[in-house]
Amino acid sequence: MSPTASYRAAGLREPAEIIVDRWGVPHIRAASRRDLFFAQGFNAARDRLWQIDLWRKRGLGLLAADFGPGYLEQDRAARLFLYRGDMAAEWAAYGVPDLREVTQAFVDGINAFVALAEGDSALMPPEFAAMGTRPARWAADDVVRIRSHALVANVLSEALRAQVMARADLETDLARRSIDPPHDVQVPEGLDPADVTAEVLDDFKLATAPVTFSPERLRATLAEAPRWRKVDELGTVTLDPSAPEDGSNNWAVAGSRTATGRPILGSDPHRTYALPSLRYVVHLTAPGMDLIGTGEPVLPGISFGHNGHSAFAMTIFPADQEDLVVYETDPADPERYRYGEDWERMRTITETIPVKGAPDQEVRLAFTRHGPVVHEAPSRHRAFAVRTVWLEPGSAAYLASVGSMEARSPEAFESAIRRWSVPPANQVYADVSGNIGWYASAKVPRRPAHDGLLPVPGDGRFEWSGFHDPSELPRIVNPASGFVATANEMNLPEGFPAEEVKLGYEWFEYSRAHRIRQVLGADEAHTVDASMRLQTDDLSLPALRVLRLLGDVPRGGGAAAGLELLAGWDGHLHEGSAAAALFEVWWTKHLKPALLARAAPDAGTRALLPPGDHETLLAALERPGSRPWVRDEADRASLLAETLAAACAACTKRLGAEPAAWRWGDLHHGYFEHPLSAGVPGATEWRDVGPLPKGGSGSTVMNTRYRATDFRAIAGASFRMVLDVGDWDRSRFINTPGQSGDPRSPHYDDLAPLWAERRYLPLVYSREAVDQAAELRIALMPD
């Protein structure tokens, strides 16, 4: 008999039940749609209250009230990107008639748990007591007004491209980011790239940074507050820039290519690793609804999963959804900017931000017709704003899933995702009728006068002319190949009018996508186990490409030991592999930096290029003379020998004198850090999770992108799912480090070792399987 608990929840209309299985997944059963979403919100707060409270306060710009002056600048930046438009238009834009009611029920459930926890300290996560804070109540509008948690592109890249151009040229910038499909970058008339300095997007980075803690930041005085506005590569706000790219893999395989005759859908969304995980697995059951999968714990419904008939998942489709706008400002009045033949005044508002331990602070926020002003340089008569689809109605991240998660045919699914805006997504679909499909879905601006690859003057010559109709975006249903797959690569179909439509030109490297298609194309009897193996596949195609170039490298000298170790290596980045350790140290710390140094001899320019574009750099090695960075075969052999020798010396220093004993997992590791563990006074009970030896890299299907300083994995798939479409109890998942965000819970970190070992768990769905796996039964009763 499973242990039980019972709570009375103010606002619940009829009794509901939460069954927590042995892996921490809640299976929620309610008597109505409204009560189901209420119970989902209640349960999200039960497991993740500290996380979702920080999400709300960060998004609304309310951190300083809890944590002091060190958070004032982040609050101000976040408020620049709140949705401030018509709320009726916002709720209507998602195409879900009862979306506001659904969201209201969800936040009512959160608030009901907060009320219970305020009266029972055993229910309150310990972080609140340690920090002397309290969870806040939610409004439904909070969920949609917050935009800065979403993924959009490409304003950061625009700014970097302009900075590289100001110092060098567009060819040099290709070492940073390749352009695909092939395209000549258009330099907007009137743009001076030198105007776009490094600090122009500090506010944008700050608005999108996660909440981080350090003793220094928590002790900051009001006088020190302006200094806490820089963001490092991990998203940490520091005193003194590019974040790891978040990608994903997904695929749907038709029954004609599976061992059972049923479709299989695989999904492993890649995001920055965090504790607790960004994703939260949940099962939602009410009359007419029976959904299971994952979403973000702050949102109703699910974004990846199935409804008993149809399965669905997404990856990022890197469409260009934002622009950096550069203004000439009036020397006599810097709040006026040139527009057309005249000046136009910025709209400025003053907001009051409460600050712990200090008086409330008034901050000025400025906006142009294009969006929030993120930087002003009156001495140079310049100002900068970000134009983004974030600020269009219907652009709260993932919320459109509430409309698509119940679709039961390809046509219904496609109709629902026509309302999809953010993040731009490769949606894949499979159902029990045997259908599979891929759909690009996003709100993408029309740019008649520019290509979106560089900042544009804000004088009116480079306006958007509305948005592309969803019917213009590519899709494939029931292809002859028998499968669809995406991995953030350039996947516009042959013949697609890319130059006319201009959806975007910046995609992720091809390595993951090529490997997935290679494996699926060769497998005519695909299985759930095969999908799990593919999701955790650690073959590095870049490694194989470099290995093919070693034939001309002299066998003597400092590179000899390295050449011997790499001889016969199969290119798999297994955590136990010595060759994998050598290759990744060589590629990341020596060969790639050497190529970037050749591309940009000037140190200031070179600092803008990392981590470097794999496709451009590998092509330069493979085709000597195609870029001036590698002159000929002899030059390439010399470069490879010199950098490999340096890598061997570095591995000897890091891993010991015996190359056979080197292990990639001794360097490359997963580590999940509790937000308060980094030296917060009195925070002795928070436990980090790791280190966990990991294989792979950012170029393998098992994406484990790492930071170059210490090879710590910082982004990848914390959640993985493989769905057996039609025999749902055979589906599998993993979510690391665990389902719960409460350090007192056994489900806080119980899944991390399994994740590190590439293992999966049952994603039980049928009532019988759920009841058999039950660990805890929670009765929710109306109060």
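Guide:
**Salt bridges up close**

R446 and E472 join their side chains in a salt bridge, 2.3 Å from N to O. This is a predicted model. The pair ties together distant parts of the chain, 26 residues apart. R446 lies in the loop between β20 (436-441) and β21 (456-457). E472 lies in the loop between β21 and β22 (475-477). R446 has 29% relative accessibility, so it counts as partly exposed. E472 is partly exposed too, with a relative accessible area of 25%.

Some bridges share partners. One network formed this way joins D333, E335, R345, R364 and E376.

Now R33. Its salt-bridge partner is D98, and the closest N and O atoms are 2.7 Å apart. R33 is partly exposed, at a relative accessible area of 24%. D98 is partly exposed, also with a relative accessible area of 24%.

A further bridge pairs D602 with R167, at 3.1 Å from N to O. D602 is partly exposed, with a relative accessible area of 39%. R167 reaches 52% relative accessibility; the cut-off for exposed is over 50%, so R167 counts as exposed.

The overall count comes to 63 salt bridges, among them the pairs described here.

Key. Residues are numbered from 1 along each chain as its sequence is written. This is a predicted model: local features need pLDDT of at least 70, side-chain atom pairs count only at pLDDT 80 or more; totals for chains, interfaces and linings use all residues. Side-chain values use heavy atoms; hydrogens and water are left out. A salt bridge is a side-chain nitrogen of Lys or Arg within 4 Å of a carboxyl oxygen of Asp or Glu. Buried means under 20% relative accessible area, exposed over 50%, partly exposed in between (1.4 Å probe, protein chains only). Helices (H or I, at least four residues) and strands (E, at least two) are DSSP runs, numbered from the N terminus.
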